[in-house]
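Colleague: I would like to go through how some of the labels on this model were reached. Please give the value and the cut-off each time.

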Amino acid sequence: MSETTNPLGTYLRARREQVTPQQVGLPGGGVRRTPGLRREEVAMLAGISADYYLRLERGRDRHPSVQVLEAIARVLQLDDAHRAHLLSLVTGSPRRRAPRVPQVPQDVQVLLDSLVQPAFVEGPYFDVLAANRLARALSPGLTPGRNQLRDLLLDSAEQASFPDWRSMTECYVASLRQAAGGAVDDPALVRLTQELTATSAHFRDQWARHEVRGQRTTDLRLVHPDVGELTLRRARLGVDGAEGLRLVVYYPEPGTRDADALALLASASLPAADASHTRRTTA
């Protein structure tokens with residue numbers, strides 16, 4: 001069975017293969033055809049029958065109790081985010097409606113244009129839906145219509161702009177897993193993951209690990225051709241009334257070279273009339 005038809009079983013197997021016998025207090029000797037724990041070892045440690053656990057992995061039982069899932073989560077050493085994801089694969093969320101293009105509320109676009117920091121709106125799968133002028137000046141990948149994960153994996157210019165692109169993509173993929181939850185058959189998600197699976201070995205490896213992690217405010221390092229290397233903070237905020245959309249803002253630490261470089265980039269990105277007005281008012 002594929003991930004779209006058996007998400008619970010796919011997830012259990014992926015996480016089982018990442019736990020060693022030594023981590024759960026079992027001897028690690030003997031020949032193992034696959035990495036990690038055997039099915040019968042997970043079953044024994046979780047206090048369920050090996051046959052029942054096999055039915056779970058093969059998708060023959062789609063409704064295990066919360067108690068069983070909690071026991072398996074303990075054996076697989078899942079943290080809170082991975083445990084919540086495991087439970088969501090069974091309890092599920094309402095099946096997604098027919099796909100539509102997410103709409104950025106007009107007041108959010110007005111807010112974007114008023115911000116003095118690079119800011120943009122992204123969809124649940126990292127599509128850029130709207131961006132202000134400084135965001136577009138900071139990175140071509142922040143132009144509406146682009147997808148940040150796709151660019152980081154497939155665009156050599158974007159990779160050159162983000163020295164930490166590999167670790168960034170690992171974070172994005174884990175966040176993509178969290179955003180998808182149990183709805184791995186969402187057509188937009190299927191299109192993106194099929195494309196990246198076919199074109200990026202790095203994505204295939206990370207997607208198969210089934211890591212789940214939400215994005216947090218963090219430092220972002222990038223290299224801009226005009227102002228050099230910058231370290232900016234990245235904050236993501238929910239958009240009221242627009243499920244799945246996030247307002248993302250990049251901002252520097254005040255009084256740093258990064259702040260000066262961003263201010264220089266902001267001045268250079270202004271239209272000629274605005275730049276002239278800025279020079280007059282600051283003279």
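This is a predicted model: local features need pLDDT of at least 70, side-chain atom pairs count only at pLDDT 80 or more; totals for chains, interfaces and linings use all residues.

Colleague: What makes the pair of Asp-155 and Arg-146 a salt bridge?

Modeller: Their side chains come to 3.4 Å, N to O, and the limit is 4 Å, so the pair qualifies. Arg-146, at 26% relative accessibility, is also partly exposed.

Colleague: How do you know that Arg-221 and Asp-164 meet in a salt bridge?

Modeller: The N to O distance is 2.8 Å, within the 4 Å cut-off. This pair links distant parts of the chain: Arg-221 is in strand β3, Asp-164 is in the loop between α9 and α10, and 57 residues separate them.

Colleague: Why is Arg-221 called partly exposed?

Modeller: Its relative accessible area is 30%, and the class runs between 20% and 50%, so Arg-221 falls in it. Asp-164, at 29%, gets that label too.

Colleague: What places Arg-55 and Asp-51 about one turn of the helix apart?

Modeller: Both lie in helix α3 (residues 50–57), 4 residues apart.

Colleague: Why does Asp-51 count as partly exposed?

Modeller: Its relative accessibility is 47%, and exposed requires over 50%, so Asp-51 stays partly exposed.

Methods: Residues are numbered from 1 along each chain as its sequence is written. Side-chain values use heavy atoms; hydrogens and water are left out. Helices (H or I, at least four residues) and strands (E, at least two) are DSSP runs, numbered from the N terminus. Buried means under 20% relative accessible area, exposed over 50%, partly exposed in between (1.4 Å probe, protein chains only).
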